[in-house]
Amino acid sequence: MTATTTDYLLHARDISKHYGAVVALRSASLAVRPGEVHALMGANGAGKSTLVKILTGAVRPDGGTITVRGKERTAHSPAEARRGGLVSVYQEPALIPDLDILSNLRLTETPIEPFRHWLEELGLPGLDLSAMARTLPLASLRVIDLARALAIEPDVLMLDEMTAALPANLTERVLEVLNGMRGGDKSVIFISHRMTEIGSVCDRATVLREGETVGVVDVDEHSAERIVELMLGEAVDQQEALAERHVVAPEQRKHAPRVSVRGVALHPRLRDVSFDLYEGEVLGVVALEGQGQDELFDVLSGWERPEAGEIYVNGQPVAFRHPADAIRAGLVYVPADRAEALLMQRSVKENIALPFSSRVPRWGWIRKRKEHETVTNSIEKLQIDTRAQGEVRRLSGGNQQKVTIARWVASGVETLLCFDPTRGIDIRTKNQIYVLLRELADSGAAILLYTSELSEIPLVCDRAVVIFGGEVVGEVDARHADEPTLLKAAHNIGTEKEAAEVVTETSTVPVGEEADGEEASQ
Amino acid sequence: MSAAVTTPARAASGRTASIVSALRRSGWTLSLLGILAVLVAITKAIQPTFGAAGIQGLAISVMPLALASVAQAIAVISRGIDLSVGSMMALTSVVSASLMEDRGEGFAVAVVIGVLVLGLVLGAINGTLIVVTRVPDIVVTLAMLFVWAGCALLVMETPGGASAQWLRGLTLGPLVNEWIPKAAVVMLLVVAIVWIPIRRSRLGLSMYAIGSDPLAAFRSGVSVGRTKILAYALTGLFSAFGGLSLTATTGIATPVPGPYTLMSVAAVVLGGVSLSGGRGGVFGPIVAVVILSLLRTIMTFLNVNTNLATVVQGGILVGVVMVGSLIQLRRKRG
């Protein structure tokens with residue numbers, strides 16, 4: 001690389017940052033040219049977020065230099081960085097929930113007209129600016145946050161996991177906008193765990209590992225493996241291993257289904273969903289954001305009562321009034337947001353032990369040794385990084401998610417409801433979670449998996465139901481489905497020929513004897 | 001976590017929509033005004049002689065607590081709480097009364113300005129301690145409760161001092177019409193003149209922002225620490241207004257803090273300000289103060305035992321707040 005510092009729009013060199021004894025960044029460097037979309041890659045804990053926070057002034061570095069357009073500059077606050085042309089959009093939108101959108105714009109002194117323009121470009125035209133941020137869905141808030149950042153035309157725009165859990169159609173728009181910025185005089189730093197997104201919009205990628213820049217890669221069709229190699233520091237063929245083991249075909253349909261859902265509806269988006277979940281399988285749910293999958297999982301996990309329809313567990317009709325009912329029936333929930341499931345300030349051990357301590361109620365003493373054994377077993381099984389086991393909130397996101405799964409493994413899970421369990425988790429941990437889900441299924445568990453990342457479906461699932469507009473519109477043989485096919489299915493489009501190949505209309509069969517012919521299966 | 005991404009509202013119906021949403025946002029204050037009207041009617045029914053004089057008395061007795069609850073509301077909106085409001089009122093009151101005693105009317109103007117500045121400083125000290133030491137607000141202001149109360153006793157050991165006549169005149173008597181008490185007009189003017197411009201400025205937005213979500217506010221470029229210090233300074237300023245109103249309405253000052261701190265928290269809650277910050281305004285708490293006071297008046301007219309009256313007052317407070325959150329819950333679901 002012969003370019004000098006002045007050729008770069010942003011050049012960070014040898015940035016380091018320690019938190020007490022913990023080294024977040026050892027020596028990170030990042031050089032961004034004008035007009036490029038630059039990927040910042042690294043496993044969770046590699047230091048990507050810390051680097052972004054330093055660049056935007058949210059965190060002060062211990063060492064290193066940052067130059068913007070050839071001038072040395074260290075921002076001391078996000079406001080200062082913003083004035084210097086560095087703006088970041090985070091996974092958690094920086095919108096004030098109790099202010100309306102207009103006030104939020106005033107707070108950041110954002111011009112309205114450009115904001116509206118970008119909002120339109122990003123697929124949210126005609127948004128009511130007097131709406132309280134609190135009342136808007138997360139995906140909209142993310143888009144608003146991005147439009148707000150674009151409206152002030154920053155020199156360097158940083159997107160930290162911005163597309164995580166963004167529905168496919170909006171992600172598309174975001175990527176289009178980013179593509180449109182290539183070749184101009186501004187640049188974008190793009191952080192995402194999704195390799196396909198990197199491939200489609202990024203020019204180059206800087207890879208961090210353990211707080212150090214380990215390589216800069218020109219992005220082309222062959223760069224993905226190289227990036228993964230750099231990220232992991234060792235060639236990892238877990239994914240292949242996964243694909244191989246995947247031949248295990250759970251054609252155990254002679255058994256009665258573990259869970260049967262018949263015509264379940266819940267306001268506002270779940271209209272009529274029926275399917276069967278068998279033991280030993282991972283059943284995928286393919287859906288764009290907001291097609292009713294949230295409500296479906298709320299119903300199955302006992303959070304909400306359905307307005308119509310029946311649920312059968314092992315052939316018995318059930319009506320959950322409370323999550324505890326669902327757990328007693330063996331249906332447990334792994335949410336995307338770890339904070340919903342964990343006691344963040346308590347230890348890993350306590351978090352894992354919590355559900356099964358509540359399983360032996362009114363027996364007084366919790367047998368500590370037994371508890372310890374079970375917990376230790378599941379920690380080992382899930383390879384949870386327990387260096388910070390004193391308080392769960394200190395674990396990385398991936399390890400936190402493992403804890404939420406571990407607690408159910410420890411208590412002998414029968415049916416797992418996973419709602420986007422790998423959201424914002426690095427690729428290594430993701431793989432471990434995939435392997436774990438497969439293992440659980442192979443040992444007889446029934447797993448329902450919704451994921452916002454369609455590439456996970458063929459990797460982990462046996463079958464998948466496609467939900468669109470609150471109804472099941474098809475079923476896919478997940479093992480032979482590729483991403484484009486799934487994307488089309490999720491949009492409920494596709495030529496009839498293709499549809500015939502992969503999508504077989506669900507035929508809802510009555511469950512056992514109890515449900516004879518009473519459901520209207522359309 | 002549910003999310004419909006396509007929520008475009010018709011941009012055309014902007015004006016009506018914004019009026020409707022403005023009404024909805026001040027719904028709590030409006031219903032408080034409704035309750036107030038009912039209470040006034042009840043008072044009139046059980047005590048037919050309750051008239052202009054009664055309203056005068058009510059306005060004067062309510063003034064210090066109303067200002068205290070405005071002070072508290074500002075702290076609470078910014079996700080804080082100030083337990084030293086009562087002490088700051090006592091301190092500013094004794095300082096003003098001792099300085100105004102046996103002095104000219106003109107000098108009193110300087111005293112009033114000085115005392116207001118003193119309030120700002122006291123509040124800013126509270127805020128700075130909270131921001132710099134990172135000790136929770138409730139702990140710092142609890143400590144400062146004793147500090148400011150002690151200072152008040154150092155200034156004046158027993159009730160005494162005096163108020164300038166023009167200051168007394170600002171709160172006593174009617175204005176234009178015998179039904180309009182001067183105390184109420186002055187109080188509302190003070191709050192409106194100080195608060196409304198701030199509320200509409202970037203500082204006001206920042207205060208709501210740090211109360212609603214400090215991290216998002218920080219990332220939006222708000223200086224969280226500075227905003228917090230300014231919010232506490234404003235709390236101090238309104239406490240000083242409260243202290244001055246004590247001097248003005250009673251003509252003397254008392255170094256021992258009245259029940260204003262906890263009553264102001266109660267009024268803030270009843271007034272629709274969320275204790276977790278970011279929601280509510282200052283006018284709701286003012287109405288709440290009048291309601292609480294009128295309740296006492298009614299019970300006095302009914303010859304209810306004073307201790308029992310306190311119990312009833314607390315019960316009503318819990319009841320109203322409970323109904324309020326039930327309504328909110330239902331609205332969220334529906």
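This is a predicted model: local features need pLDDT of at least 70, side-chain atom pairs count only at pLDDT 80 or more; totals for chains, interfaces and linings use all residues.
## Getting your bearings in chain A

Let's start with chain A. Chain A has 522 residues, and 50% of them are buried.

Now for the inside. The largest nonpolar core holds 173 residues, and Phe190(A) and Ile74(B) are the ones with the most contacts inside it. Helix 3 of chain B, which covers residues 52–77, gives the most to this core: 16 residues.

What does Ile74(B) touch, once you leave aside its neighbours within four places in sequence? Ile74(B) is in contact with Ala231(B), Leu234(B), Thr235(B), Phe238(B) and Val282(B). There is also a second, separate core, made of 79 residues, with Leu270(A), Leu288(A), Val392(A) and Trp408(A) among them.

## Where the chains meet

Chain A and chain B touch through a contact that takes 33 residues from chain A and 29 residues from chain B. On the side of chain A, the elements giving two or more residues are helix 2 (78–83), helix 3 (101–107), helix 5 (138–151) and helix 10 (293–300).

What kinds of residue does chain A bring to this contact? The side of chain A that touches chain B has 18 nonpolar, seven polar and eight charged residues.

## A helix pair in chain B

Helix 3 packs against helix 13 (residues 283–301) of chain B at an angle of about 140°, and their axes are 8 Å apart. That angle makes helix 3 of chain B oblique to helix 13 of chain B. The crossing of these two helices is right-handed.

If you want to find the contact in the structure, look on helix 3 of chain B for Leu58(B), Ser61(B), Val62(B), Leu65(B), Ala66(B), Ser69(B), Val70(B) and Ala73(B). Facing them from helix 13 of chain B are Pro285(B), Ile286(B), Ala288(B), Val289(B), Val290(B), Ser293(B), Leu294(B) and Thr297(B). By class, this contact comes to 12 nonpolar and four polar residues, with no charged ones.

## A helix pair in chain A

Chain A has a helix pair to look at too. Helix 14 (residues 397–410) and helix 15 (residues 427–442) of chain A pack at an angle of about 15°, with axes 10 Å apart. Angles under 35 degrees count as roughly parallel, so helix 14 and helix 15 of chain A are roughly parallel to each other. Their crossing is left-handed.

Which residues meet here? Gly398(A), Gln401(A), Lys402(A), Ile405(A) and Val409(A) come from helix 14 of chain A, and Thr429(A), Ile433(A), Leu436(A) and Leu440(A) come from helix 15 of chain A. Sorted by class, that gives five nonpolar, three polar and one charged residues.

## Two residues with a positive phi

A bit of background first: most residues other than glycine have a negative phi. Asp14(A) isn't a glycine, yet its phi is positive, at about 50°. Asp14(A) sits in strand 1 (residues 10–19) of chain A, and it is partly exposed, with 15 other C-beta atoms within 10 Å.

Asn303(B) has a positive phi as well, near 60°. You'll find Asn303(B) in the loop between helix 13 and helix 14 (306–333) of chain B. Is Asn303(B) buried or exposed? Asn303(B) is exposed, with 6 other C-beta atoms within 10 Å.

## Two more stops

Val348(A) belongs to helix 12 (residues 348–357) of chain A. With 26 other C-beta atoms within 10 Å, Val348(A) is buried. Val348(A) and Asn399(A) are 51 residues apart along the chain, and 9.9 Å separates their C-alpha atoms.

Over in chain B, Ala309(B) lies in helix 14 and is partly exposed, with 16 other C-beta atoms within 10 Å. Not counting residues up to four places away in sequence, Ala309(B) touches Arg296(B), Met299(B) and Val304(B). Of these, Arg296(B) is 13 residues from Ala309(B) in sequence and 6.8 Å from it in space, C-alpha to C-alpha.

Technical notes. Residues are numbered from 1 along each chain as its sequence is written. Chains are lettered from A and ligands numbered from 1 in the order in which they are written. A nonpolar core is a set of buried Ala, Val, Leu, Ile, Met, Phe, Trp, Tyr and Cys residues joined through C-beta atoms within 7 Å. A residue is buried if 20 or more other C-beta atoms lie within 10 Å of its own, exposed if 12 or fewer, and partly exposed in between; C-beta atoms are placed from the backbone. Helices (H or I, at least four residues) and strands (E, at least two) are DSSP runs, numbered from the N terminus. Two residues are in contact if their C-beta atoms, placed from the backbone, lie within 7 Å. Axes are lines fitted to C-alpha atoms, for helices over the stretch in contact, and angles run from 0 to 180 degrees between N-to-C directions. Angles under 35 degrees count as roughly parallel, over 145 as roughly antiparallel, 65 to 115 as roughly perpendicular and the rest as oblique. A crossing is left-handed if the near helix is turned anticlockwise from the far one by less than a right angle, and right-handed if clockwise. Ala, Val, Leu, Ile, Met, Phe, Trp, Tyr, Cys and Pro count as nonpolar, Asp, Glu, Lys and Arg as charged, and the others, Gly among them, as polar.
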